[in-house]
Amino acid sequence: MPREIIDLSPPQERAVLVGAPLKRGTGKLLVQEHLEELGRLADTAGALVVGTLTQQLERPDSATYIGSGKLEELKELIAERQATVVIFDDELTPAQGKNLEQALTKRVIDRAELILDIFALRARTAEAKMQVELAQLEYSLPRLTRLWTHLEKFRGGIGVRGPGETQLETDRRLVGHRIRLLKERLAEVAKSREVQRKQRRSQFRVALVGYTNAGKSSILKGLSQAPDVFVEDRLFATLDPLTREVSLGTGRGTEVLLTDTVGFIRKLPHDLVASFRATLEETREADVLLHVIDASHPTWEEQRIVVDEVLVELGAHETPVVHVFNKIDRLDAAHVQALRERMDNLLPGSVFASAVAPGGLDTLRERMQRERQGRRPIVRLRLSPTDGRRLADVHRSAEVVRQVMDEETGDLILDVRADAGTLARFDAAAARDA
Ligand SMILES: Nc1nc2c(ncn2[C@@H]2O[C@H](COP(=O)(O)OP(=O)(O)OP(=O)(O)O)[C@@H](O)[C@H]2O)c(=O)[nH]1
Ligand SMILES: [Mg+2]
């Protein structure tokens, strides 16, 4: 007799997507593209997209975001497609979210919540998990009236509820307490990360940044040949930074440290950017950023602007940037040529690459080598051989290319590469001694 198979997996959510940009904004030009991206986000979160609805708004309705006519249309669509969840591309106020849920009798989430959900799903390390939880709590704090049932598990115990407090106030207090705890723990992790970064200071450091799915991890994988780099055709495949040594040529002294980071996206919730600040510290301290752009994506220009904005938010906009147009294997030769010519004016010095085509990363490798030579030129230091402390400092914070003894004076002559800050420190020390 065949055994009965019981499917224990939860039923898949059926999502209706709503895109309702403002008429006077630029969003209305790309409604379809934005909805398509929202669909990919929904898919990444495990939902099945069963319908979409769009409207152009003069201004959002303060109670329900979309107008009452559209709301009726949405109700019908939900019934017809048997949707279980409604996802708005635009940010909803706590009141709008609550009113919509009441009117539709379905769960309603906005883009920010969906992104937070995906991050929660994909977080692997303890640090990423804490960062996501922190962002979720910060996001939910002003929305607690809606979420309170979810917090049931935090409650209970003598002394938790203060005299005369309402439930909501208690919840706020508990959430506030948890937020403080997470921040403390994350600060500790950030400290050890900083120690690690300081140790790497002597090496030339490059960080990959860019829109999600642009091919950052593929480039790290291609350049480092590291087998443990995770690449996937999904949004937010990478959450934790990963650093690998990459050799740009043959022989010693051609290694750089290349760091892969979490991808950015349109309307990335500020709470997430804030809580991922520590892991993204690499982007501020790198010698050069490689801003990876998916040249085959129809909206790469908008994506580039989004990435620039997040870099500003992170305070990393002063780090030198090289734009890398990736996935050119997907474009025909004429298209690539036209793009090159346009970029000569717009973003001179851009690199064109393919992480998957043979030899597709050669130009990038050469470019990184040139950046390294240009930004960390070799300088000559002269030290007394008895100055052990200074010698140790040089070896710790600079890359020593050559070390010989001056026969006449007995001094040590060191040819080193170091970042500008370290060189300035050496200079100051030499001036003090003179
Ligand atoms: N054809 C082509 N596909 C590429 C290229 N680079 C990356 N891909 C594909 O694009 C998808 C995303 O690549 P990833 O390297 O994971 O992108 P990512 O920027 O790290 O993405 P996140 O970690 O999600 O931010 C994968 O399916 C890759 O195989 C390329 O140069 N050409
Ligand atoms: Mg990645």
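Trainee: Which residues in H4 meet which residues in H5?

Mentor: Let's start with the ground rules. This is a predicted model, where local features need pLDDT of at least 70, side-chain atom pairs count only at pLDDT 80 or more, and totals for chains, interfaces and linings use all residues. Residues are numbered from 1 along each chain as its sequence is written, while chains are lettered from A and ligands numbered from 1 in the order in which they are written.

Mentor: Now the contacts. Two residues are in contact if their C-beta atoms, placed from the backbone, lie within 7 Å. Helices are DSSP runs of H or I with at least four residues, strands are E runs of at least two, and both are numbered from the N terminus. Here Ala112, Leu116, Phe119 and Ala120 of H4 meet Val132, Ala135, Gln136 and Tyr139 of H5. Those residues divide into seven nonpolar, one polar and no charged. (Ala, Val, Leu, Ile, Met, Phe, Trp, Tyr, Cys and Pro count as nonpolar, Asp, Glu, Lys and Arg as charged, and the others, Gly among them, as polar.)

Trainee: At what angle do H4 and H5 pack?

Mentor: Two packed helices are described by the angle between their axes and the distance between the axes. Axes are lines fitted to C-alpha atoms, for helices over the stretch in contact, and angles run from 0 to 180 degrees between N-to-C directions. For H4 (residues 111–122) and H5 (residues 126–140), the angle is about 155° and the axes are 9 Å apart. H4 is therefore roughly antiparallel to H5, a label for angles over 145 degrees.

Trainee: Which residues touch the most other members of the largest nonpolar core?

Mentor: Such a core is a set of buried Ala, Val, Leu, Ile, Met, Phe, Trp, Tyr and Cys residues joined through C-beta atoms within 7 Å. A residue is buried if 20 or more other C-beta atoms lie within 10 Å of its own, exposed if 12 or fewer, and partly exposed in between, with C-beta atoms placed from the backbone. In this 77-residue core, Ala15, Val18, Ala42, Val86, Ile87, Ile115 and Val206 touch the most other members. H4 supplies the largest share, six residues.

Trainee: Is Asn213 buried or exposed?

Mentor: Asn213 counts as buried because 24 C-beta neighbours lie inside 10 Å. Asn213 sits in the loop between strand E5 (205–210) and helix H8 (216–224), and has a positive phi of about 75° although it is not a glycine. Lys267 also has a positive phi, about 55°, but with 16 C-beta neighbours inside 10 Å, Lys267 counts as partly exposed.

Methods: Angles under 35 degrees count as roughly parallel, over 145 as roughly antiparallel, 65 to 115 as roughly perpendicular and the rest as oblique.
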